[in-house]
Amino acid sequence: MAKQIVMLGPPGAGKGTQAKMLAEKLGVPHVSSGDIFRENLRAQTELGRHAGVYINRGELVPDDVTIAMIRERISRRDCNDGVLLDGFPRTAAQAEALDEMLSDLDKGQVVAVAEALDEMLSDLDKGQVVAVPCIIVPEDVLIERLTGRRTCRAQGHVFHIAFNPPVQAGVCDFDGSELYQREDDTVETVTNRIRVYHERTQPLIDYYQQRGVLLEIDGNRPIEAVFDGILSALTGV
Ligand code: AMP
């Protein structure tokens, strides 16, 4: 297990999009806790059914369940050279568990660091959360983005009814599957998710800020501009 990047930002900040782009650029797996929960929900696994109750209310899934899931995922081989975590940790308990996991996983393991990541973050320690890009977007923009979001059933491709509409309404441009509104993208649930973010995740932002690894990114810009902002913040680390 090598260097870790944790992407933070409120729901709708564009974390998922940016995290995927960044993971690709760095050659490390993109591990999104929300995506894993949704896959389990679709497959109706026990984990999915359990998590679904919380997700559909806009609440956080309990820490023990979430931590066990991430522990299992990042202990797989493909994370040996690093991983980009999207949506985890979201609470102080999860952040502590992550630090523990990283030191456990490191034991006796040959650490190879993904090259691109290593170049960018050359001065920092291995086996730690070393950079935390935090995407900042005003609340009214978040609500507009989330309530207009449509997601593809087959593979989770993301569109927006106004800002990034598909060629044919309700149909995914990439695989032709149906586009749907996530149950947690309704106005009521979105408002609750943003409230939960402020309550639960703000302490984490403070925690990473104190460690000097927080990188604030203006997310109220076009996708490419935000991505450039993240890359230059990381390179400057
Ligand atoms: P996301 O796609 O990251 O917005 O996550 C969607 C939902 O999944 C959240 O509103 C939570 O209910 C749940 N979830 C995702 N990540 C976590 C986490 N780290 N801890 C607890 N719940 C989570």
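User: At roughly what angle do the axes of helix H2 (residues 33-42) and helix H4 (residues 63-74) cross?

Analyst: They cross at roughly 100° and come within 11 Å. Axes are lines fitted to C-alpha atoms, for helices over the stretch in contact, with angles from 0 to 180 degrees between N-to-C directions. Helices are DSSP runs (H or I, at least four residues) numbered from the N terminus. This is a predicted model, in which local features need pLDDT of at least 70, side-chain atom pairs count only at pLDDT 80 or more, and totals for chains, interfaces and linings use all residues. Residues are numbered from 1 along each chain as its sequence is written, and side-chain values use heavy atoms, with hydrogens and water left out.

User: Why are H2 and H4 called roughly perpendicular?

Analyst: Angles of 65 to 115 degrees count as roughly perpendicular, under 35 as roughly parallel, over 145 as roughly antiparallel and the rest as oblique. The H2 and H4 axes cross at roughly 100°, so the pair is roughly perpendicular.

User: What makes H7 and H8 oblique?

Analyst: The axes of H7 (residues 139-147) and H8 (residues 187-210) cross at roughly 135°. H7 and H8 are therefore oblique to each other.

User: Which residues of H7 and H8 make the contact?

Analyst: Contact means heavy atoms within 4.5 Å. On H7 the residues are Glu139, Leu142, Ile143, Leu146 and Thr147, and on H8 they are Val187, Val190, Arg193, Ile194 and His198.

Notes:
Helices (H or I, at least four residues) and strands (E, at least two) are DSSP runs, numbered from the N terminus.
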